[in-house]
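I'll jot down what I look up, one topic at a time.

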Amino acid sequence: MDLDLKGRKALVCGSTQGIGLASAVELARLGAEVTLLARNETAMKKIVASLAAENGQSHNYLSADFSSPSSVEVAVTAAINRGARYDILINNTGGPPGGPLLDANYSQVFDAMEAHLHCNHILVQKLSQGMKEKKFGRIVNVISTSVKIPISGLGVSNTVRGAVASWAKTLSLELAPFGVTVNNVLPGFTETERLFSLIRSKAEKEGKSEEEVARSMRMEAPAGRFGTPEEIASLVAFLATPAAAYINGTSIPVDGGRTGSI
């Protein structure tokens with residue numbers, strides 16, 4: 001099985017914590033040269049210095065805020081103008097606040113679309129030309145199992161995640177002839193700050209302890225536990241490898257069996 005990413009360059013979004021960070025670590029272990037894309041420059045400097053570099057990789061970072069698509073566009077355009085080319089793009093950013101969809105105002109929906117769909121689209125437009133020229137490209141979008149079955153209490157997130165999944169499927173058809181694949185990884189309940197924030201919010205609303213809420217959520221998965229960022233990152237990294245060349249246009253849950261659909 002060809003899992004070798006030596007000589008490949010990856011741009012990993014939201015990579016200072018959680019699944020994004022774990023994905024950056026795993027891609028570097030497989031030999032990729034990793035560029036982080038996030039807001040926290042101090043954190044990115046430390047992470048870049050810690051990534052595996054046994055194959056002579058020179059890791060880097062770009063600073064941008066996903067609440068501002070223009071910020072993302074400026075950062076990536078500047079990198080490309082300096083000669084940067086990326087073979088792998090990992091689209092990943094934090095989810096919008098929870099709550100019923102009917103309670104969400106226009107700006108909440110618009111902001112979520114900006115941070116997820118619009119930023120993703122800018123990045124693909126900027127990076128895909130280089131991928132097409134090389135006849136190799138991997139675009140992996142970290143979304144949510146709500147793509148399969150909407151999650152109660154996450155109305156805006158369900159909406160924007162579904163839009164991203166349809167966008168990705170469309171791109172997979174357009175880019176496949178050029179050796180570029182587009183796939184979605186759908187994390188279930190994963191031990192990230194996002195999950196812990198949702199647990200705190202749910203506990204407060206229901207008048208329960210955080211441990212009660214966490215226990216109930218863990219038991220929703222047949223595996224009886226939350227996933228780890230590293231477990232999600234394993235699939236993210238695999239989809240970026242040569243071995244995954246014929247996997248395209250898919251949405252794959254990593255959720256311990258929780259999602260109740262095929």
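**Entry 1: the whole chain**

I began with contacts. Counting those between residues at least 6 apart in sequence, I find that 74% join residues at least 24 apart. A reminder to myself: this is a predicted model.

Next I looked up the secondary structure, and the chain has eight helices and seven strands. Its radius of gyration is 18 Å, close to the 18 Å that the globule rule gives for 262 residues, so I can call the chain as compact as a globular protein of that length. Along the principal axes, the C-alpha atoms fill a box of roughly 55 × 40 × 40 Å.

The chain's accessible surface is about 12,300 Å², and carbon and sulfur atoms account for 53% of that. As for the inside, 47% of the 262 residues are buried.

**Entry 2: the cores**

Which residues touch the most other members of the largest nonpolar core? I noted L11, L37, V76, L89 and L123, in a core of 30 residues. At least two residues of this core come from each of β1, α3, α4, α5 (155–175) and β6. Another core lies apart from it, with 28 residues, and A24, A28, I232 and A244 are among them.

Setting aside neighbours within four places in sequence, I listed its contacts: L11, V12, C13, G14, S15, M44, L62, A64, F66, V72, V76 and L123.

**Entry 3: helix α3**

Now its sides. The buried residues of α3 are P69, V72, A75, V76, A79 and I80. Looking down the helix axis, I see these buried residues fall within an arc of 135°, so they line one face of the helix. A rule I keep handy here: an α-helix has 3.6 residues a turn, so residues three or four places apart point the same way. V74 and N81 are exposed on the other side of α3.

What covers the buried residues? My list includes β1 (9–13), β2 (33–38), β3 (60–63) and α4.

I also checked S71, which sits in α3. Its relative accessibility is 21%, so I file S71 as partly exposed; the cut-off for buried is under 20%. Not counting residues up to four places away in sequence, S71 touches A64 and D65. From S71 to R82 is 11 residues along the chain, and their C-alpha atoms are separated by 17 Å.

**Entry 4: two positive phi values**

Just after α3, I found G83 with a positive phi of about 105°. K135 has a positive phi as well, near 60°, and K135 is not a glycine. I made a note of it because most residues other than glycine have a negative phi. K135 is in the loop between α4 and β5 (137–142). With a relative accessibility of 52%, K135 counts as exposed.

Is N184 buried or exposed? N184 is buried, at a relative accessible area of 3%. Its place is in strand β6 (residues 180–187). Leaving out neighbours within four places in sequence, I get N141, I143, A165, A168, T250, S251 and I252 as the contacts of N184.

N158 is in helix α5. I have N158 down as buried too, because its relative accessible area is 16%, and the cut-off is under 20%. Beyond residues up to four places away in sequence, N158 touches S146, P150 and I151.

Last, P97. I found P97 in the loop between β4 (88–91) and α4 (106–134). Its relative accessible area is 62%, so P97 is exposed. P97 and S67 are 30 residues apart in sequence, and I get 13 Å between their C-alpha atoms.

Methods. Residues numbered from 1 in each chain as written. Predicted model: local features only at pLDDT ≥ 70, side-chain atom pairs only at ≥ 80, totals over all residues. Heavy atoms only, no water. Helix = DSSP H or I, 4+ residues; strand = E, 2+ residues; numbered from the N terminus. Buried < 20%, exposed > 50% of the residue type's maximum accessible area, 1.4 Å probe, protein only. Contact = heavy atoms within 4.5 Å. Arc of directions from axis to C-beta. Rg over C-alpha atoms; globule rule 2.2 N^0.38 Å. Areas by Shrake-Rupley, 256 points an atom, 1.4 Å probe, with all protein chains shown as cover. Core = buried A, V, L, I, M, F, W, Y, C linked by side-chain atoms within 4.5 Å.
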